[in-house]
Amino acid sequence: MALVDAILFCAVHLVDKLDAWHRLPVIIGAAYLGIRRHLHQRYNLLPVGKINGQRYNTEEFGYRTADGKCNHPSDDTIGSQGTFLGRNMPPSTSPYGLLEPHPTVVASKLLARKKFIDNGKQFNMIACSWIQFMIHDWVDHLEDTEQIEIRAPEEISSGCPLKSFKFFKTKKVSIDLCHLKNGSPNTRTPWWDGSVIYGNDKEGMRRVRTFKDGKLKISEDGLLQHNEKGIPISGDVRNCWAGFSLLQALFVKEHNAVCDMLKVYYPDLDDEQLFRHARLVTAAVIAKIHTIDWTVELLKTDTLQVGMRVNWYGLLGKKFKELLGHILGSILSGLVGLKKPKDHGVPYSLTEEFVSTYRMHSLLPETLVLRDITSSTSEDKHPPILHEVPMRELVGIEGERKLSTIGMEQMLVSLGHQSCGALTLWNYPSWMRNLVAHDINGEDRPDPVDMASLEIYRDREREVPRYNEFRRNLMMIPISKWGDLTDDEEVIKALYDVYGDDVEKLDLQVGLMAEKKIKGFAISETAFFLFLLIASRRLEADRFFTSSFNSKTYTEKGLEWVNKTETLKDVIDRHFPEMTRKWMTCSSAFSVWDSMPNPVNYIPLYLRLST
Ligand code: HEM
């Protein structure tokens, strides 16, 4: 470690010892995060596999390609479909085997939902659907053809929905790097390119386009079209459910609206040009909403509000940037619009550890609470409850059928009014312990899986370090006893039952769910520190958010569209002008819609002490 970094690390470590960064005045807390991010950029980006791409002319590729090629300025392959997932740390050095302790024992004793625990008013079911919408834009591990079977040990099998289940191994490809023996290909394009609606290759893109005026296919009722089997026609259809498919449809509408606008201002643009510009704009709108709306609700503190807005607009803020452009560095003017993309010397990819920290299936409830939006008695913006639909009925083809009877507006309002699940122990959806997973083409698989057990197995199979090693690798203070992780006596007893007193054995998923949370955070601090690195990287490494984030590439009106859209509420208002006025009181479309708006605070954000 360089001397300067060693000093910075000592400073960060001291603040960590005092558990203080989130209690410091906003601007000092933000500085701590800036230093931490710098250290992670230096020491937590590991390349996986050789990239044998070629130089190309960026002028010829002023658009996002179908398979993610031609984004990095000097290598056409980086970030394209089929490239390896990267790593943030060396593979696990744990001496424990793949079945130690047995994944189904961990799932049954520590993950299985006892009673649904919700997220209060902070995060609703749109927020839950949104993050699946993002995951399906970014990552999916390629599977091997070899199957594995996991059998529940006798001591617990009577309480398991599946006594055994089969699934495909993760595909591992040999590579010749000294710190790594193999890597796993990503079947999705890791760029923030909207592939969840546009597809991950030429064939996927051909399926969703109308080839008229740049537009994408959509049904008359505003929802996705379906093929003859009832599978939706969209960029990614694997493991879809009604909430996810609804967001795909909403952003197809957004894309088509951008096409309409562009056609008015630039009548000479042909179908291909309209499509390319509209894709750039829609992908940027999605990335912006995620950065300054979704994440701000997930990590609801003033410090993080500053952090996320700095990522997009810079410390000097939106007005300054609009007036003068991106004239200063990333801190003052933001990552978006940087003169050159930055990958910190490691080719862009998303990573194994990032996938592990995004295993958030506990956000999913047992039932969807359907609301009556035709009611005229609901002056308080609280639509009456009609009935509850089991989540199982909302998945896959059956879910698509249900969604078309519910309709887009009723579904959006219902999701908006329902809190999603909390990321905590004993909150893993029961129905996911006997889940019919999908093939990549959206068709049902013959063998159901116990997702809770499978997720424990997956992290071990992919050699993602267990919780304590993960923390050490992220320059965090490891735990030395269960009491360092949680104050909850019941949790400590259950951890002891499964892992004894060996804290090194603790699985990452269990640690992330058990960890004491920072006030306002819906996720653990451990997961957050990795997000800090990756959320910035998705923006700063991408040519279309940096050197090509300009009116030449996006068109002037296209860029204006991105700049004027700040939140998901803006998008909803564009397509359903009455909906939020009628049914939403809160500030963000990701909070429960009948909750209070953010209180007015007259102290400027940068001068606040802490939340
Ligand atoms: C009804 C909704 C959902 C269903 C049916 C579903 C189902 C699945 C299935 C079957 C897998 C593959 C498991 C494996 O073989 O390893 C998976 C992976 C995953 N899911 Fe979900 N999921 C849903 C929602 C979500 C949500 C809300 C999140 C939140 C972040 C999420 C995050 C992930 C992640 C990170 C992976 C790992 C991807 C990879 O291995 O590359 N999913 N999901």
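Which residues of α3 are buried? They are Pro103, Thr104, Val105, Val106, Ala107, Leu110 and Leu111, where buried means under 20% relative accessible area, exposed over 50% and partly exposed in between, using a 1.4 Å probe and protein chains only. Before going further, please keep in mind that this is a predicted model, in which local features need pLDDT of at least 70 and side-chain atom pairs count only at pLDDT 80 or more, while totals for chains, interfaces and linings use all residues. Residues are numbered from 1 along each chain as its sequence is written, and side-chain values use heavy atoms, with hydrogens and water left out.

Let us stay with α3 for a moment. This helix spans residues 103-111 and is mostly covered, with 7 of its 9 residues buried. Helices (H or I, at least four residues) and strands (E, at least two) are DSSP runs, numbered from the N terminus. The cover over the buried residues of α3 includes β1 (143-151), α5 (154-157), α16, α18 (489-499) and α19 (508-514); contact here means heavy atoms within 4.5 Å. In the loop between α2 (26-43) and α3 you will find Pro101. The peptide bond leading from Glu100 to Pro101 is cis, with omega near -15°.

Helix α16 also brings us to the ligand. Both α4 (125-138) and α16 (451-461) supply at least two residues each to the shell around the ligand, and α4 gives the largest share, 4 residues. The shell divides into 14 nonpolar, 4 polar and 4 charged residues. For this count, Ala, Val, Leu, Ile, Met, Phe, Trp, Tyr, Cys and Pro are nonpolar, Asp, Glu, Lys and Arg are charged, and the others, Gly among them, are polar. Of the 22 residues around the ligand, His141, Tyr358, His361, Arg458 and Arg462 come nearest; a residue is near a molecule or strand if one of its heavy atoms lies within 4 Å of it.

An N or O atom in the side chain of His361 is 2.8 Å from a nitrogen atom of the ligand. Arg458 places a polar side-chain atom 2.6 Å from an oxygen atom of the ligand, and for Arg462 the corresponding distance to a ligand oxygen atom is 2.9 Å. A polar contact is a pair of N or O atoms within 3.5 Å; within protein, one must be able to donate a hydrogen and the other to accept it, and residues adjacent in sequence count only if both atoms are side-chain atoms.

The ligand sits in the largest pocket. On a 1 Å grid over the protein atoms alone, a cavity is a set of points where a 1.4 Å probe fits but cannot get out, and a pocket is an open set with protein on both sides within 12 Å along at least five of seven lines; lining residues have an atom within 4 Å of a point. A molecule sits in either one if more than half of its atoms lie within 2 Å of its grid points.

Now turn to Ser195, in helix α6 (residues 195-198). Ser195 is buried, with a relative accessible area of 0%. Its side chain reaches the backbone oxygen of Asp137 at 2.9 Å. Leaving aside neighbours within four places in sequence, the contacts of Ser195 include His136, Asp137 and Arg279. Thr282, in helix α9 (residues 271-298), is likewise buried at 0%. Beyond four places in sequence, Thr282 touches Ile197, Tyr198, Phe251, Glu254, His255 and Val258.

Strand β5 (residues 367-371) holds Arg371. Is this arginine buried or exposed? Arg371 counts as buried, because its relative accessibility is 7%. The side chain of Arg371 makes a polar contact with the side chain of His382 (3.5 Å) and reaches the backbone oxygen of Pro383 at 3.0 Å. Leu370 lies in strand β5 too and is buried, with a relative accessible area of 4%. Leaving aside neighbours within four places in sequence, Leu370 is in contact with residues including Pro384, Ile385, Leu386 and Gln410.

Finally, visit the loop between α7 (202-208) and α8 (242-265), where Phe211 is located. Phe211 has a positive phi of about 60° although it is not a glycine. Asn239, found in the loop between α7 and α8, has a positive phi of about 50°. Most residues other than glycine have a negative phi, and most peptide bonds are trans. Phe211 is partly exposed at 45%, and Asn239 is partly exposed at 31%.
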